[in-house]
Amino acid sequence: MRLSFMPSLLVTVALAMPFATAVNAQEADTAIRPYTIQVPDADIEDLKARLALTRIPDQIPDTGWDYGTDMAYLRELIDYWRNDFDWREQESALNEFDQFVTQIDGVDVHFIHQRSTHEDAMPLLLTHGWPGSIAEFRKIIGPLTQPELYGGDPADAFHVVAPSLPGFGFSGKPEERGYNPERMAHTLAALMQRLGYARYGAQGGDWGAIINRIHAYRYADRLIGLHSNFVLANPPADQALADAVPEAEMAAREQRQAFMLNEVGYQQIQGTKPQSIGVALNDSPAGLAAWIVEKFHGWSDIDRRLPAGYGLEEKFTKDEILNNISLYWFTSSITSSARIYYENRNVAMQEPLGFVTVPTAGAIFPSEIYLTPRIWAEASYN
C-alpha cells in the first residue's frame, strides 16, 4: 500500500523569477516562488570574450594529467566552450523542470520540484555535492518521476526535490560564518517541511551524502529511507568488528586511500583559504574549467590509458561537463561553494553523530574516492 503525499505549497502568484533577481524581503519568510533560469546575453558574451584571452601555461611534454589538468585537453575544451557550446540549449533543458526559490535561515534556496503524475508517489530529496550541481540529475529525474516511460513500474514513482545547496548554483550565498553541512541538513529538512512532505526518502553523494547522513540522524522520524553512493563510517569501537573486514574489502579501501594521497590538495586549499583561490576561479573561466574538469577526470571510472581527455569523454560529453562548469561560472558560486570545506573544517557540529536508525542502502562503486568496509557501515547505519 502506498501513502499519498500531497504537498501544501505556499506559492506566490507571480511571473517566473528571472536569473539573479533579488527576493522581496517582505515575502521572504515562507513564500515559494517559481524560478526560471535566464542568464543575460551580456554574461554569455563576457564569457566568450574572456575565453578568447585565455593564457594557457606551459606543460612538461608527455606528462598528461600527472601534474593536474592536461593542457592539450583544456585547449580543446576551451575552444569548444567558446565556439560550439550552446548555453541556451542547456538552459532550456534545465527549465523543463519545475523550479522554485524560497528563503530558509536567511538564504535563498533554489530547488527543482518535479512531481510525478502519480499522486501517491514517494517524495525523494536528491542532494548534490562539490563540484556538482542540479545539472547532475537531468538524466534521472524523468525515470524517477515517470518510471513507466523508461520500462519501470509506476508503483516506484517519486516526487523529486533537488535543491541547489546554499552557496551553490542558483541558491543564495551565506553572508555569515558557520554554514557547515550540519546547518545545511537543517535547511533541507526545513525545505521538505515547507513543501508539506512529512515523510520522504533522501539520496546523495559527496557532500550530499554527508549532509543527508546528518539529516537522517537528526530527523529520523521523517525519513522513510536513506540511499548513498558515498557511504562514510569510522571503524567501530568494537575492535573485533573493526578488524573483521574481509581481506579483499580492506585491500580495496587501502588502494583507494593510496590513490587519494594525490587527490586532496583542493581540500586543503578550500578548507583553509577558499577566498584566495576563489578570486582566480571566479575571474577566469579557463581556470575554473581546469579546476573542475580535473576532478571529473580524477574521480571518474575511466580508461586512463587513453590520451588527453578521451577516457573522460567515454563517460561525459563536453556539453555535460561544460553545463556543470557554466552553471558555476554564470552564478559566480565557485567561491561560496568552496567555503563548505572551510566551514566543515572549522565549525564543530552541535551534536555528534550517532547510529542512523533510518533504513539505509549504499551503492558502492569500485572507483569511488573513499571505500568503507560493509561491516563498518553496518555499525553506523541501519
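Leucine 53 is exposed, at 69% relative accessibility, where exposed means over 50% relative accessible area, buried under 20% and partly exposed in between (1.4 Å probe, protein chains only). Leucine 53 belongs to the loop between helix 1 and helix 2, and its C-alpha atom is separated by 9.5 Å from that of alanine 286, 233 residues away along the chain. The model is predicted: local features need pLDDT of at least 70, side-chain atom pairs count only at pLDDT 80 or more, and totals for chains, interfaces and linings use all residues. Residues are numbered from 1 along each chain as its sequence is written, and side-chain values use heavy atoms, with hydrogens and water left out. Helices (H or I, at least four residues) and strands (E, at least two) are DSSP runs, numbered from the N terminus.

**Backbone geometry in loops**

- Aspartate 62 also lies in the loop between helix 1 (41-52) and helix 2 (71-83). Although aspartate 62 is not a glycine, its phi is positive, at about 60°. Its relative accessible area of 82% makes aspartate 62 exposed.
- Serine 332 is another residue that is not a glycine but has a positive phi, of about 50°. Serine 332 sits in the loop between helix 12 (318-331) and helix 13 (334-346). With a relative accessible area of 36%, serine 332 is partly exposed.
- A cis peptide bond, with omega near 0°, runs from tryptophan 130 to proline 131. Proline 131 is part of the loop between strand 4 (122-127) and helix 4 (138-145).

**Serine 171 and its surroundings**

- Serine 171 is located in the loop between strand 5 (158-163) and helix 5. Its relative accessibility is 4%, so serine 171 counts as buried.
- A polar atom of the serine 171 side chain lies 2.5 Å from the backbone oxygen of serine 164.
- Beyond its neighbours within four places in sequence, serine 171 is in contact with Asp108, Val109, His110, Ser164, Leu165 and Pro166. Contact here means heavy atoms within 4.5 Å.

**Helix 5**

- Helix 5 comprises 14 residues (residues 181-194), which at 1.5 Å a residue should span 20 Å; its end C-alpha atoms are 20 Å apart, in agreement. The expected span of a helix is 1.5 Å times one less than its number of residues.
- Helix 5 is largely enclosed by the rest of the structure, because ten of its 14 residues are buried. Among the buried residues are Pro181, Glu182, Arg183, Met184 and Leu188.
- Glycine 196, which follows helix 5, has a positive phi near 90°.

**Helix 8**

- The 14 residues of helix 8 (residues 247-260) likewise agree with expectation: they should span 20 Å at 1.5 Å a residue, and the end C-alpha atoms are 20 Å apart.
- Arg253, Arg256 and Met260 are the buried residues of helix 8. They cover an arc of only 65° around the axis, so they lie on the same side of helix 8. The arc is that of the directions from the helix axis to the C-beta atoms.
- An α-helix has 3.6 residues a turn, so residues three or four places apart point the same way.
- The buried residues of helix 8 pack against helix 9 (265-272) and helix 14 (374-378). Glu247 and Ala248, on the other side of helix 8, are exposed.

Methods: Polar contact = N/O pair within 3.5 Å; in protein donor to acceptor, adjacent residues only side chain to side chain.
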